Amino acid sequence: MLEFYSLIDIIRSIILIIAAILIVITAIGILRLKDEMDKVIYVRIHMLGVMDIASVLALIGLNQPLLACIYFILAPFLAHAMANAYYHGEDTAEYEINDDTDNLNSETEDKA
């Protein structure tokens, strides 16, 4: 059996299988996650971090170590930028609540 396949090819195949399993598990987890949870974006970013590592493993298995290193370095910066944008961004639900309270305040002022 080792005549046809070298040890490196077997290791690459195992790494690709592990990466594929991690990517499928992460995708199922993201799809099953409820949107009603508080701060669900942070949970999704964490799950995508698992998928990033699986992608790095897949790139190593495909004999692309330079691309894997670049992806391994840049992926955390992207995740941090997404979390930072969500944290400092405008949330429409927040403004809907403020608009309702402004209407209630104006109605109570009209009655007084």
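Predicted model: local features only at pLDDT ≥ 70, side-chain atom pairs only at ≥ 80, totals over all residues.
Visitor: What percentage of the residues in the protein is buried?
Guide: A residue counts as buried when its relative accessible area is under 20%. The protein has 112 residues, and the buried share of them is 15%.

Visitor: Which helix supplies the largest share of the lining of the largest pocket?
Guide: The largest pocket holds about 180 Å³ of space. Helix 2 (40-61) and helix 3 (65-88) each contribute at least two residues to its lining. The largest share, 6 residues, comes from helix 3.

Visitor: Is leucine 78 buried or exposed?
Guide: Leucine 78 is found in helix 3 and is part of the lining of the largest pocket. Its relative accessible area is 53%. The cut-off for exposed is over 50%, so leucine 78 counts as exposed.

Visitor: How far apart in space are leucine 78 and isoleucine 45, C-alpha to C-alpha?
Guide: Both residues line the largest pocket. In sequence, leucine 78 and isoleucine 45 are 33 residues apart. In space, the distance from C-alpha to C-alpha is 9.8 Å.

Visitor: Which helix gives the most to the nonpolar patch on the surface?
Guide: The patch consists of Ile53, Leu66, Ile70, Phe72, Ile73, Leu74 and Phe77, and together they have about 750 Å² of accessible area. Of these, Leu74 also belongs to the lining of the largest pocket. The most, 6 residues, comes from helix 3.

Visitor: Why does isoleucine 70 count as partly exposed?
Guide: Isoleucine 70 is found in helix 3 and is one of the residues in the nonpolar patch. Partly exposed covers the range between the buried cut-off of under 20% and the exposed cut-off of over 50%. Isoleucine 70 falls in that range because its relative accessibility is 42%.

Visitor: What is phi of asparagine 63 near, in degrees?
Guide: Asparagine 63 lies in the loop between helix 2 and helix 3. With a relative accessible area of 46%, asparagine 63 is partly exposed. Its phi is positive, in a residue other than glycine, and is near 65 degrees.

Note on methods:
Residues numbered from 1 in each chain as written. Heavy atoms only, no water. 1 Å grid on protein atoms, 1.4 Å probe; cavity = no way out; pocket = protein on both sides within 12 Å on 5 of 7 lines; lining within 4 Å. Points joined across faces, edges and corners; volume = space filled by probe spheres on them. Helix = DSSP H or I, 4+ residues; strand = E, 2+ residues; numbered from the N terminus. Patch = residues over 30% accessible without salt bridge, like charges linked within 9 Å, V, L, I, M, F, W, Y side chains within 5 Å. Areas by Shrake-Rupley, 256 points an atom, 1.4 Å probe, with all protein chains shown as cover. Salt bridge = Lys/Arg side-chain N within 4 Å of Asp/Glu carboxyl O. Buried < 20%, exposed > 50% of the residue type's maximum accessible area, 1.4 Å probe, protein only.
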